[in-house]
Amino acid sequence: MIDLLKTLIDWEAQPRRAVETGTAIIASGEPTGLIFCLEAGQARDGDGLAYAAGDMLLVCEALALASYRTPVEATAPCQLVAIRQDVLEAGLKRGGRLVWPLSRSIASDITRRRLAG
């Protein structure tokens, strides 16, 4: 997924964060204005899903909701790229005007099903 993002946005211009083991990367209730990509390290979300380098964290929640519902914690030291949602939106819209709303619609459906149990 990160390789695709690198073609859509100026990857090197995006801010980075370093997070230590045991530290929250995303807290439940945190606004979804930032979408996180794991460049290095490992993390686990509140549902037990593991993330490794190259993964986007809770991308469906980020596109579907105003705030994250599922927390994510670093299980090893992590290096993250923080992408503002408007930057991602602009990059996706270059693929056509329907790409952004379609992406959000798909993410909403996936998130609704996952949160329903």
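How many helices and strands are there in the protein chain? There are four helices and eight strands. The model is predicted, so local features need pLDDT of at least 70 and side-chain atom pairs count only at pLDDT 80 or more, while totals for chains, interfaces and linings use all residues. Residues are numbered from 1 along each chain as its sequence is written, and side-chain values use heavy atoms, with hydrogens and water left out.

Helices (H or I, at least four residues) and strands (E, at least two) are DSSP runs, numbered from the N terminus. Read from the N terminus on, the elements follow the order α-β-β-β-β-β-β-α-β-β-α-α. The C-alpha atoms fill a box of roughly 40 × 35 × 20 Å, taken along the principal axes. The radius of gyration is taken over C-alpha atoms, and the globule rule is 2.2 Å times the number of residues to the power 0.38. For 117 residues, a compact globule would have a value near 13 Å; the protein chain has 14 Å, which agrees.

Accessible areas come from the Shrake-Rupley method with a 1.4 Å probe; for residues, only the protein chains shown count as cover. The accessible surface of the protein chain is about 6300 Å². Carbon and sulfur atoms hold 54% of that surface. A residue is buried under 20% relative accessible area, exposed over 50%, and partly exposed in between (1.4 Å probe, protein chains only). Buried residues make up 36% of the 117 residues. Contact means heavy atoms within 4.5 Å. Of the contacts with a separation of 6 or more, 73% come from residues 24 or more positions apart.

The strands come next. Two strands pair if DSSP finds at least two bridges between them. Strand S1 (residues 16–19) pairs with S8 over four bridges, in the antiparallel sense. Here Ala18 has Gln79 in S8 as its bridge partner. Strand S3 (residues 34–40) is joined to S8 by six bridges, and the two run antiparallel. Ala40 also stands opposite Gln79 in S8. Two bridges join S3 to S6, again antiparallel. In this pairing, Phe36 stands opposite Leu57 in S6.

How many of the seven residues of strand S8 (residues 78–84) are buried? Five are, so the strand is mostly covered.

Another open sheet has four strands in the order S2-S7-S4-S5, with antiparallel pairing. Strand S2 (24–26) and strand S5 (50–52) stand at the edges. Each has a single partner strand, so one side of each lacks a neighbour in the sheet. The twist averages 30 degrees from one strand to the next. S2 and strand S7 (residues 72–74) pair over two bridges, in the antiparallel sense. Ile26 stands opposite Val72 in S7.

The charged side chains were examined last. Side chains of opposite charge can pair when their charged atoms come close. A salt bridge is a side-chain nitrogen of Lys or Arg within 4 Å of a carboxyl oxygen of Asp or Glu. A search of the whole structure finds seven salt bridges. In one of them, the side chains of Arg114 and Glu61 meet at 2.1 Å, N to O. This pair links distant parts of the chain: Arg114 is in helix H4 (residues 99–116), Glu61 is in helix H2 (residues 59–64), and the two are 53 residues apart. Glu61 is buried, at 1% relative accessible area, whereas Arg114 is partly exposed at 35%.

Asp109 forms a salt bridge with Arg112, with the closest N and O atoms 2.7 Å apart. Asp109 and Arg112 are three residues apart in helix H4, so about one helical turn separates them. Asp109 is partly exposed at 25% relative accessibility, and Arg112 is exposed at 52%. Salt bridges that share partners also join Asp47, Glu61 and Arg114 into one network. Asp86 and Arg84 meet in a salt bridge at 3.0 Å, N to O. Asp86 is partly exposed at 44% relative accessibility, and Arg84 is partly exposed at 45%.

Terms used: Axes fitted to C-alpha atoms, helices over the stretch in contact; angles between N-to-C directions.
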